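Dear colleague,

I am handing over the structure below, and after it you will find a short account of what was found. Please read the two side by side.

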Amino acid sequence: MIRPVLSLVAASLALAACSQRDDADTSQVAGDGGTAELAPTSPGEQVFDKWCAPCHAAGPRYPGTASLAQKYNGEIPAALEERDDLTPEIVAYFVRNGIMVMPPFRKTEISDDELAALGAYLSHEPEPAIPARPD
């Protein structure tokens, strides 16, 4: 009885951690001691920053990255942005289907165009433009 409860608590904590995002890296220190806004990011990077980075950014405090570090034991990078083995098709599969505690993302959350840009970004391919969403 305790084991299923502990698994549920662990999954809940992982999902809660994924929903929190440290926005401290949205600006950088300028040479004059002030802050300067970062350059605009690519469409795929914007999708990654919004939907993926809270769990899959570089560093051990991100549950998705920590899970992949445990799985791959240093044989391949755990941070998705550092990998060179991802294809747009693999990215699309896991985004739409999820895995373990990672939920699947619906087309109302990540559109097909956004998913194509994300797949290109993570596979280091040229990214398609994303049409604006109607409000």
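F94 counts as partly exposed, because its relative accessibility is 30% (buried means under 20% relative accessible area, exposed over 50%, partly exposed in between, with a 1.4 Å probe and protein chains only). This residue lies in helix α4, residues 88-97 (helices are DSSP runs of H or I of at least four residues, numbered from the N terminus).

Please note that this is a predicted model, in which local features need pLDDT of at least 70 and side-chain atom pairs count only at pLDDT 80 or more, while totals for chains, interfaces and linings use all residues. Residues are numbered from 1 along each chain as its sequence is written, and side-chain values use heavy atoms, leaving out hydrogens and water.

The structure holds 3 aromatic pairs (rings of Phe, Tyr and Trp, the last by its six-membered ring, pair if their centres lie within 6.5 Å; planes under 30 degrees apart count as stacked, over 60 as edge-to-face and the rest as tilted). One of them joins W51 and F105, whose ring centres are 5.6 Å apart with planes at 70°, so the pair is edge-to-face. W51 lies in helix α2 and F105 in the loop between α4 and α5 (112-122), so this pair ties together parts that are 54 residues apart in sequence. W51 is partly exposed, with a relative accessible area of 27%, whereas F105 counts as buried at 14%. The rings of Y93 and F94 also form an edge-to-face pair, because their centres are 5.2 Å apart and their planes stand at 85°; Y93 is partly exposed, with a relative accessible area of 49%.

Methods: Helix = DSSP H or I, 4+ residues; strand = E, 2+ residues; numbered from the N terminus.
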